[in-house]
Amino acid sequence: MKFLFDKIYPAMLKIRMVEQKIVSIYQEQEMRCPVHLSIGQEGVATGVCSQLKKKDIVFSAHRAHAHYLAKGGNLKKMIFEIYGKEKGCVMGKGGSMHLVDLNAGFFPAVPIVGSTIPIGVGVAFANKMKKNSLITTIFLGDGSTEEGVFHESLDFAVLKNLNVLFVCENNFYSVYSPLNVRQSQKRSILGLAKAHGISGTRSNGNLVEDVIKKTKKALSFIKKNNKPYFLEFETYRYVEHCGPNNDDHLKYRKKKEINKWLNNDPINILEKKLSNYQNFKIYKKKIIKKINSEINSVFKEARNERFPSSKYLSMHLYG
Ligand SMILES: Cc1ncc(C[n+]2csc(CCOP(=O)(O)OP(=O)(O)O)c2C)c(N)n1
Ligand SMILES: [Mg+2]
C-alpha cells in the first residue's frame, strides 16, 4: 500500500498534470509539434514501468509522454523538446513523437505505426547475444497489430526466446476507426499473440493495482523461461487522437462508451482506494502543489530557452 501512496499515485498524477498543462496552453502556439496525449491511459504506463529496473529498456511510439515519464525520463528535456528548444532530448529537432532518454532506458520513440516493434525485438536479440538479462518492454497500440511487422516481430521474439514484454494498450481506436471496422470481430489481439505461441493475458488497464500484478507475473515468466510475454490492457484516451482538444462532437465514439470510461478513470479509482487512509486529503493537496510548482517552472524555462542553432543541423543525435 505504501508503494501505491508514495510512488504510483504521485507518478500517475504527474503524468496527468503535465499533459493537462499542455492542453491548457497549447493554443499559445509556442509548442509547434503535434501532441498525442495519454490522458486516461496513465494506469498502464505507470503500472508497467513501476516494475522495471532502470536499465531495462522501454520502446514507445507516437503516444509516448506517459511511457517516457513513467520510465523516469527527464521532464525538462521532454518539455524543452516539445517547445523545439536546443536543450530538448533530441535538440529540439524531433518534438513530442521522438522522445528519448537513454539514461532512463527509454529508447527513441518513432511515430511510424508499428515501427518500434521490430526495433525493440532487435534490441532484445542484441541483449541476448551479449548474454545480459535486460528486459525490453514494447508499448504498442491496437492499431499497430494491423501492421505486418507486428507478426514478423512476435514470430522472431518467440523463435529466438527473447526477453520481451509486449504491452498492447487497446484503446479501441486507431484515429477515428474503431476496432470493428478494422479487424474481424472473431479475432482478438491477445489471440493473435497466442497464435504465435506467446502466452499472455487481457485485462482492464485502468486498474493500476491489477496492472502491477499482471506485470509482476509477466516479468517473472520472462525471467524464468527466457520467453516473451504479451499483456493486453483495455483503456481509453479522453481527448482527440492528436492535439489538446475534445473531439466528441465528431460522434465517432458513443456517449455511453465515453461516459463508461470516464466513470472508470484510473486516477479516481486509485484515489478512492487511498482515501480510506488518514490524511489522504492533505497528502493529495501537498503532492498537487509540489507537482504544479515543478511543472510551472519547467514550462516557464522552456519558453525562455533558445532554439537550436544551425551548427546542429547535421549533427548526429545519439553519437
Ligand atoms: C505506418 C503508419 N500508418 C499510419 C500512420 C498514421 N497514424 C498515426 S497514429 C495512428 C493510429 C494508431 O493507432 P493505435 O496503434 O491504436 O495507437 P493510438 O493512437 O490509439 O494510441 C495512425 C493510423 C502512421 N503514423 N504510420
Ligand atoms: Mg488505439
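These questions and answers go through a predicted model, from its strands to its metal site, cores and backbone angles.

Student: How many of the 6 residues of strand β2 are buried?
Tutor: Strand β2 covers residues 136-141. The strand is largely enclosed by the rest of the structure, because most of its residues fall under the 20% cut-off. The number buried is 5.

Student: Which residue in β2 is the bridge partner of V58?
Tutor: Strand β1, residues 57-59, runs parallel to β2. The two are joined by 3 bridges. In β2, V58 has as its bridge partner T137.

Student: And on the β3 side, which residue is the bridge partner of T136?
Tutor: Strand β3 spans residues 164-170 and pairs with β2 in the parallel sense. That pairing runs over 6 bridges. For T136, the partner in β3 is V164.

Student: Which residues coordinate the magnesium ion, ligand 2?
Tutor: The donor distances are 2.1 to 2.2 Å. In sequence the donors follow the spacing D-x28-N-x1-Y.

Student: Is D142 buried or exposed?
Tutor: Buried means under 20% relative accessible area. D142 has a relative accessibility of 1%, so it counts as buried.

Student: What separates the C-alpha atoms of R237 and N171?
Tutor: R237 is in the loop between β7 and α9. Along the chain, R237 and N171 are 66 residues apart. R237 also contacts N171 and Y173, among others. The C-alpha separation is 6.5 Å.

Student: Which side chain makes a polar contact with the side chain of R237?
Tutor: R237 is buried, at 1% relative accessibility. Its side chain reaches the backbone oxygen of V239 at 3.0 Å. The side-chain partner, at 2.9 Å, is Y252.

Student: Where is H62, and which residues does H62 touch?
Tutor: H62 is in the loop between β1 and α3. H62 is buried, with a relative accessible area of 19%. Leaving out residues up to four places away in sequence, H62 touches H36, M97, V110, P111 and H241.

Student: Which residues touch the most other members of the largest nonpolar core?
Tutor: The core holds 64 residues. Its largest share, 11 residues, comes from helix α1. The residues with the most core neighbours are I22, I79 and L165.

Student: Which residues is I22 in contact with, beyond four places in sequence?
Tutor: I22 belongs to the largest nonpolar core. Contact here means heavy atoms within 4.5 Å. The partners are M31, V35, L37, H65, I82 and F299.

Student: How many residues does the second, separate core have?
Tutor: Its members include F59, L140, Y173 and A193.

Student: Which residues of α2 are buried?
Tutor: Helix α2 spans residues 42-49. With 8 of the 8 buried, the helix is largely enclosed by the rest of the structure. They are E42, G43, V44, A45, T46, G47, V48 and C49.

Student: Which residues is E305 in contact with, beyond four places in sequence?
Tutor: E305 lies in the segment after α11. At 16% relative accessibility, E305 counts as buried. Its contacts are F80, K85 and K87.

Student: What is phi of F172 near?
Tutor: F172 lies in the loop between β3 and β4. F172 is buried, at 18% relative accessibility. Its phi is positive, in a residue other than glycine, and is near 75 degrees.

Student: Is N226 buried, partly exposed or exposed?
Tutor: N226 is in the loop between α8 and β7. Its phi is also positive, near 50 degrees. With a relative accessible area of 38%, N226 is partly exposed.

Definitions and conventions
Residues numbered from 1 in each chain as written. Chains lettered and ligands numbered in written order. Predicted model: local features only at pLDDT ≥ 70, side-chain atom pairs only at ≥ 80, totals over all residues. Heavy atoms only, no water. Buried < 20%, exposed > 50% of the residue type's maximum accessible area, 1.4 Å probe, protein only. Helix = DSSP H or I, 4+ residues; strand = E, 2+ residues; numbered from the N terminus. Pairing = 2+ DSSP bridges. Donors = N, O, S within 2.8 Å, 3.2 Å for Na, K, Ca; no water. Polar contact = N/O pair within 3.5 Å; in protein donor to acceptor, adjacent residues only side chain to side chain. Core = buried A, V, L, I, M, F, W, Y, C linked by side-chain atoms within 4.5 Å.
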